[in-house]
Amino acid sequence: MANSMGNRLGRRVWGTVRRVARNSSVAGMVRELALPPVCLFCGRAGQPGLDCCAGCQADLPRPPGSCRRCAISLPGNTLLCGQCSRNPPAYDQAVAAFDYLPPLDGLIQRFKFSRDLAAGRVLARLMAAELAWRRTPRPDLVIPVPLHARRRFRRGYNQSALLARDLCRHFAGLPWVEALARTRPTAAQSDLPAEARQGNVRRAFACRNLPPGTGHAALLDDVMTTGSTVAECARELKRSGVRRVDVWVLARA
Ligand SMILES: [Zn+2]
Ligand SMILES: [Zn+2]
């Protein structure tokens, strides 16, 4: 009895959470359609359908050069960083649209921690433009880095899944699938020193519904720091038969 009441209460709480999330997203979209675009960085007029002006888009922080494998900033014409030359990661190639620097870092934090879903849509479009401009190879599908169910519940959404959804809208016919699950809760990588991050996410992911025949996947995340999380996800995808795993991130720290 107590159990069934608990279940009913659980369903009601979930229903409310979902309704609020849906409404705020719909309200946001209506607002975007009704109001002229305003740049989220400088407050001047945005570009058609985009809350970012051309000047701020051009000035977003981009690395002058980066490692072909892990996308870390590198000086000059160096192709690979020392770490990737000695011990290449499990993924094939990481592409970071931007550097994790002002003013982009602030917008990412608003999207991730303050439920600013409109910021997420702007970030997805800026990223799509950057990937298209760089002629990033097109994968068979995009897979967002998963959150553990508990953290997803607390935040109300997985920012990487929203980013995948919004990003794929800009590439006709490119599907995205939540093919990975986090099988155990892990400490936030940002709370750990670099050397503890690999162990923290080890064997923390499982392939759940990978479409058969996926040969080339792009793992999508918002920010990449040491790359331990995406490397572990890539390992799991390769164990499941994916031949090539690229990593797409909004920003490289
Ligand atoms: Zn601007
Ligand atoms: Zn590297």
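A residue is buried here if 20 or more other C-beta atoms lie within 10 Å of its own, exposed if 12 or fewer, and partly exposed in between, with C-beta atoms placed from the backbone. Helices (H or I, at least four residues) and strands (E, at least two) are DSSP runs, numbered from the N terminus.

This is a predicted model, in which local features need pLDDT of at least 70 and side-chain atom pairs count only at pLDDT 80 or more, while totals for chains, interfaces and linings use all residues. Residues are numbered from 1 along each chain as its sequence is written, and chains are lettered from A and ligands numbered from 1 in the order in which they are written.

First, confidence. pLDDT is the predictor's confidence in each residue, from 0 to 100. The protein chain has a mean pLDDT of 88, with 87% of its residues at 70 or more.

Now the fold. The protein chain has nine helices and six strands, and 34% of its 253 residues count as buried.

On to helix α4, residues 104-113. Which of its residues are buried? They are Leu104, Leu107, Ile108, Phe111 and Lys112. These residues lie on the same side of α4, because they cover an arc of only 130° around the axis, taken from the directions from the helix axis to the C-beta atoms. An α-helix has 3.6 residues a turn, so residues three or four places apart point the same way. The buried residues of α4 pack against β1 (93-99), α5 (117-133), α7 (159-168), β5 (216-224) and β6 (244-252). Just after α4, Arg115 has a positive phi of about 55°.

Next, the core. A nonpolar core is a set of buried Ala, Val, Leu, Ile, Met, Phe, Trp, Tyr and Cys residues joined through C-beta atoms within 7 Å. The largest one has 55 residues, of which Leu123, Leu219, Leu220 and Leu250 touch the most other members. α5 gives the most to this core, seven residues. Leaving aside neighbours within four places in sequence, the contacts of Leu219 include Tyr91, Ile143, Val230 and Trp248.

Last, Ala161, in helix α7. Ala161 counts as partly exposed because it has 19 C-beta neighbours inside 10 Å. Its C-alpha atom is 8.1 Å from that of Leu220, 59 residues away along the chain.

Definitions and conventions
Two residues are in contact if their C-beta atoms, placed from the backbone, lie within 7 Å.
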